[in-house]
Amino acid sequence: MSFLMAAVVFVGALCMLDLVLTLGVIKRLREHSELLSGVSGPGSGFDTLDMVVGEEVGEFATSTVDGEPLTHGMLAADTLVAFFSPGCQPCKEKMPKFVDYARTLPGGREQVLVAVVGDPAEAAAFVAELSPVARVVVEEGPDEPLSAAFRARSFPTLLRVAPDGHGRILVTANRVDLDRPVTAAL
């Protein structure tokens, strides 16, 4: 009988230990969920989008690497806007497709705007590749004018924007399929 009693006490203690460990795991999962929700909000790249379709782009004034001034009001109808970062592996992988896609857009480089966000020295290779097909702006961080106006925090980010009937610049697409032909994407 004492053997049976010892077994029941042992199983009870084992269940209590399991309960304590499970509660600890749940607590850690909640902490991680909170951290990830803070990271995966606008601007994270965890399968969230920085801007939603129909959202208005903020005001900005900057200049391209060619010294050309660029403001919010200068974005023409159906402009492809992209944000890349030199330290981003997905950016490096997506760059060739993006350049090919941008090259086929009607309106040429005037319809394409790219911000390369990061160290200007590291951005040089991206600028060289993108300049023939886009107006390129180099920004050192997410608080620079273009990145702030588009709330770009994740890379790569690809958007289509266009003015509405009231002159506001709105996001018309927040996912751009670079594999689709341009005629089908329009």
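Me: What should I know before reading the model?
Reply: The model is predicted: local features need pLDDT of at least 70, side-chain atom pairs count only at pLDDT 80 or more, and totals for chains, interfaces and linings use all residues. Residues are numbered from 1 along each chain as its sequence is written, and side-chain values use heavy atoms, with hydrogens and water left out.

Me: How many salt bridges does a search of the whole structure find?
Reply: Side chains of opposite charge can pair when their charged atoms come close. Here a salt bridge is a side-chain nitrogen of Lys or Arg within 4 Å of a carboxyl oxygen of Asp or Glu. The search finds seven.

Me: Which residue forms a salt bridge with R160?
Reply: D78 does, with the closest N and O atoms 3.2 Å apart. R160 lies in strand 6 (residues 157–163) and D78 in the loop between strand 2 and strand 3 (79–84), so the pair ties together parts 82 residues apart in sequence. Strands (E, at least two residues) and helices (H or I, at least four) are DSSP runs, numbered from the N terminus.

Me: Is R160 buried or exposed?
Reply: Buried means under 20% relative accessible area, exposed over 50%, partly exposed in between (1.4 Å probe, protein chains only). R160 is buried at 5%. D78 is partly exposed at 27%.

Me: How many disulfides are there?
Reply: A disulfide is a pair of cysteine sulfur atoms within 2.5 Å. The count is zero. C88 is buried at 10%, while C15 is partly exposed at 47%.
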